[in-house]
Amino acid sequence: MILAFPGNGSLAARLGGPVHPVHVHQFPDGESLVRIEADVQGACVDVVCTLDRPDPKLFPLVVALRTLRELGAARIRLVAPYLCYMRQDRRFHPGEGVSAPVLASMLGPLVDGLVTVDPHLHRITSLDTLWPRPVVVHAAPALAAWVAEHVRDPLFIGPDEESAQWVGAVAHLAGAPSTVLRKERRGDRDVDVSLPDLDRWPGRTPVLVDDIASTARTLAAAAAQLRRLGTPPPACVVVHALFAEGAAEALVEAGVGLVASTNTVIAPTSVIDIAPLLAQALAPPPEGV
Ligand code: R5P
């Protein structure tokens with residue numbers, strides 16, 4: 001049985017099972033009331049709730065997960081196509097909270113498993129240390145297929161070292177070369193990216209690949225460097241398009257061409273459907289396996 005949080009219904013409907021809504025009523029004072037109408041007694045329940053703009057979603061999610069247990073669900077899996085707070089995986093400055101393990105310690109004990117798409121694993125190298133039975137879906141095949149259809153002779157470019165894993169995977173599947181740049185971030189919207197050396201790949205169209213676009217300043221800074229070298233407008237493919245205010249404008253200003261992202265987060269660019277790969281990960285293994 002699939003339970004969909006508000007805003008997750010259309011993705012949930014393509015995951016292959018009966019879908020029931022989790023109702024979240026917002027009281028005028030900002031508190032919320034969660035209601036589950038489905039009969040979940042003895043059921044294996046997948047709760048679909050993508051966690052972009054997470055803070056208002058998290059308390060209703062805690063309530064829903066606890067309620068499912070009280071109502072007798074036999075197994076509860078959280079399906080969070082975008083798993084928030086994974087970038088805060090370290091105390092970068094004195095006194096900062098390390099959010100990634102805090103989130104896991106808050107939700108992990110309430111579920112029997114987690115399914116997510118390309119979490120930002122960097123200093124934390126595996127979800128196993130944080131979450132019960134995590135399953136990671138990789139969007140690379142979907143990104144590579146989109147590029148194959150829309151860009152001729154791509155050169156895949158990662159804007160920073162952290163993107164190397166995603167760029168490498170997509171380039172490998174697309175059978176095209178890749179390179180990774182260096183980034184320096186001085187603030188939320190203040191980013192510098194090194195000048196790429198493209199001499200080895202004349203005539204190719206640059207395709208920037210990243211797991212997350214938030215302010216999009218990382219992609220914009222990389223695109224601006226490419227345009228300085230006289231490349232054609234670079235395409236951008238992103239797994240999770242969080243798109244904070246001003247992100248789209250920053251990309252346009254930097255001279256980006258096509259932009260595509262998956263529908264782990266609903267954005268104007270989410271034209272790459274992750275549902276088939278997600279459904280595959282959720283399906284029970286065939287008999288006898
Ligand atoms: C961090 O390394 C991530 O992979 C992204 O590069 C980063 O979150 C993008 O942030 P923004 O879009 O705000 O530059």
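Author: Helix H2 (residues 55–70) packs against helix H3 (residues 99–107) at an angle of about 30°, and their axes lie 10 Å apart. Axes here are lines fitted to C-alpha atoms, for helices over the stretch in contact, with angles running from 0 to 180 degrees between N-to-C directions; helices (H or I, at least four residues) and strands (E, at least two) are DSSP runs numbered from the N terminus. H2 is therefore roughly parallel to H3, since angles under 35 degrees count as roughly parallel, over 145 as roughly antiparallel, 65 to 115 as roughly perpendicular and the rest as oblique. From H2, Leu58, Leu61, Val62 and Leu65 meet Leu103, Met106 and Leu107 of H3, where contact means heavy atoms within 4.5 Å. The residues of this contact divide into seven nonpolar, no polar and no charged; Ala, Val, Leu, Ile, Met, Phe, Trp, Tyr, Cys and Pro count as nonpolar, Asp, Glu, Lys and Arg as charged, and the others, Gly among them, as polar.

This is a predicted model, in which local features need pLDDT of at least 70 and side-chain atom pairs count only at pLDDT 80 or more, while totals for chains, interfaces and linings use all residues. Residues are numbered from 1 along each chain as its sequence is written, and side-chain values use heavy atoms, with hydrogens and water left out.

H2 also lies across strand E1 (2–4), E2, E3, strand E4 (44–48) and strand E5 (75–80), and runs at about 35° to E3. These strands belong to an open sheet of seven with mixed pairing, ordered E3-E2-E1-E4-E5-E6-E7, where two strands pair if DSSP finds at least two bridges between them. Strand E3 (32–36) and strand E7 (134–137) stand at its edges with a single partner strand each, so one side of each has no neighbour in the sheet. On average, neighbouring strands of this sheet are turned by 20° against each other, direction ignored. Strand E2 (residues 19–26) pairs with E3 in the antiparallel sense over five bridges, and His23 stands opposite Arg35 in E3.

The domain assignment, which is automatic or taken from a database, gives domain 1 (2–138 + 274–282) and domain 2 (140–272). Their C-alpha centres lie 27 Å apart, and 19 residues of domain 1 are in contact with 19 residues of domain 2.

The crossing of H4 past H5 is right-handed, a term for a near helix turned clockwise from the far one by less than a right angle, left-handed being anticlockwise. Ala140, Pro141, Leu143 and Ala144 in H4 meet Ala169, Val170, Leu173 and Ala174 in H5, and the residues of this contact divide into eight nonpolar, no polar and no charged.

Helix H5 (residues 164–174) in turn lies across E8, E9 and E12, running at about 165° to E8. Helix H6 (residues 217–228) packs on the sheet as well, touching E8, E12 and strand E13 (235–241), and its direction makes about 165° with that of E12. That open sheet has six strands in the order E9-E8-E12-E13-E14-E15, with parallel pairing.
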